[in-house]
Amino acid sequence: MSVDWRERYQTGETPWEKGKPHPELPFLLSEHRGLVVEAENILVPGCGFGHDANLISSVAKGQVFGLDVADEAIGQAKERYSGEQRSWVVGDLFESEGNYDLVFEHTFFCAIPVERRSDYVATMARLIPQGGHLLALFFLNPDHKGEEGPPFGVTVDELKGFFGGAFEMIWSQPPSKTFEAREGDGRELSILWRRLGD
Ligand SMILES: C[S@@+](CC[C@H](N)C(=O)[O-])C[C@H]1O[C@@H](n2cnc3c(N)ncnc32)[C@H](O)[C@@H]1O
């Protein structure tokens with residue numbers, strides 16, 4: 001069943017919304033600072049209220065684009081985080097155009113229907129030029145159990161299968177910090193993918 005994201009924001013049924021950036025993001029920004037600082041355009045798809053995109057913009061020198069299909073979410077992001085370096089955009093990632101040296105996300109891949117995962121990788125391959133990067137915190141499903149998401153977990157082998165042709169995994173690490181509700185379940189993994197040539 002697909003989720004009506006606008007309705008979820010309208011009714012306040014948003015358990016993912018924690019009121020702050022992912023607790024691992026400061027580490028990721030310091031570990032990969034060079035990529036963040038050098039990127040001209042950074043995309044944060046499914047940005048919700050914009051906490052991650054806002055923190056990224058405090059390190060970035062280029063423009064940070066927070067994108068979400070729900071205008072309610074973008075409205076909140078605009079209200080909370082204004083500033084020249086941040087662009088808040090209502091739109092569907094799969095129909096987006098542009099060129100981004102760096103994409104960051106932490107709750108998008110797990111939120112989309114599993115049958116859209118190939119589309120997701122094709123979209124990333126279209127938006128990220130050769131040598132660009134996708135930095136993401138994935139939600140794992142190591143036991144490969146059926147689950148009624150979202151969120152929908154994924155195995156590392158499945159990820160390698162989806163991303164393999166267009167991206168190489170150049171770094172990965174389980175986060176040492178996460179939100180309280182996710183502590184101890186060991187289901188998140190940070191991965192840095194580099195876009196290969198076609
Ligand atoms: C699970 S929520 C996570 C929001 C935010 N990243 C956070 O962690 O607070 C998934 C977000 O992706 C957005 N979304 C879902 N499908 C989308 C699409 N095709 N294009 C852009 N945004 C989308 C939803 O509106 C929602 O804000």
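How many residues surround the ligand, and which are the closest? Here are some friendly notes, starting with that point.

1. **Ligand shell.** The ligand is surrounded by 20 residues, and the closest are Trp5, Gly46, Gly48, Leu93 and Thr107. A residue counts as near a molecule if its C-beta atom, placed from the backbone, lies within 6 Å of it. By class, this shell holds 13 nonpolar, 4 polar and 3 charged residues. In that tally Ala, Val, Leu, Ile, Met, Phe, Trp, Tyr, Cys and Pro are nonpolar, Asp, Glu, Lys and Arg are charged, and the others, Gly among them, are polar.

2. **What kind of model this is.** Please keep in mind that this is a predicted model: local features need pLDDT of at least 70, side-chain atom pairs count only at pLDDT 80 or more, and totals for chains, interfaces and linings use all residues. Residues are numbered from 1 along each chain as its sequence is written.

3. **Overall fold.** The chain has 7 helices and 7 strands, in the order α-α-α-β-α-β-α-β-β-α-β-α-β-β along the sequence. The radius of gyration is 16 Å, close to the 16 Å that the globule rule gives for 198 residues, so the chain is as compact as a globular protein of that length. Helices (H or I, at least four residues) and strands (E, at least two) are DSSP runs, numbered from the N terminus. The radius is taken over C-alpha atoms, and the rule is 2.2 Å times the number of residues to the power 0.38. Along the principal axes, the C-alpha atoms fill a box of roughly 45 × 40 × 35 Å.

4. **Burial and contacts.** Of the 198 residues in the chain, 36% are buried (20 or more other C-beta atoms within 10 Å of the residue's own; exposed means 12 or fewer, partly exposed is in between, and C-beta atoms are placed from the backbone). Among contacts between residues at least 6 apart in sequence, 67% join residues at least 24 apart; a contact means C-beta atoms, placed from the backbone, within 7 Å.

5. **The core.** The largest nonpolar core has 50 residues, and Ile42, Val44, Ile56, Leu102 and Val103 have the most contacts inside it. The largest share of this core, 6 residues, comes from strand β5 (residues 133-139). Such a core is a set of buried Ala, Val, Leu, Ile, Met, Phe, Trp, Tyr and Cys residues joined through C-beta atoms within 7 Å. Leu102 touches Leu35, Val36, Ala39, Ile42, Gly132, His133 and Leu135, leaving aside residues up to four places away in sequence.

6. **Helix α6.** In α6 (residues 117-127) the buried residues are Val121, Met124 and Leu127. They cover an arc of only 130° around the axis, which puts them on the same side of α6; the arc is that of the directions from the helix axis to the C-beta atoms. These residues pack against β1 (41-45), β4 (102-105), β5 and α7 (156-163).

7. **Helix α5.** Ala73, Ile74 and Ala77 are buried in α5 (residues 71-80). Their arc of only 95° around the axis puts them on the same side of α5. The packing partners of the buried α5 residues are α1 (5-11), β2 (63-68) and β3 (86-90).

8. **Cis peptide bonds.** A cis bond joins Gly149 and Pro150, with omega about -5°. The bond from Pro150 to Pro151 is also cis, with omega near 5°. Pro150 sits in the loop between β5 and α7, and Pro151 lies in the loop between β5 and α7 too.

Conventions. Contact = placed C-beta atoms within 7 Å.
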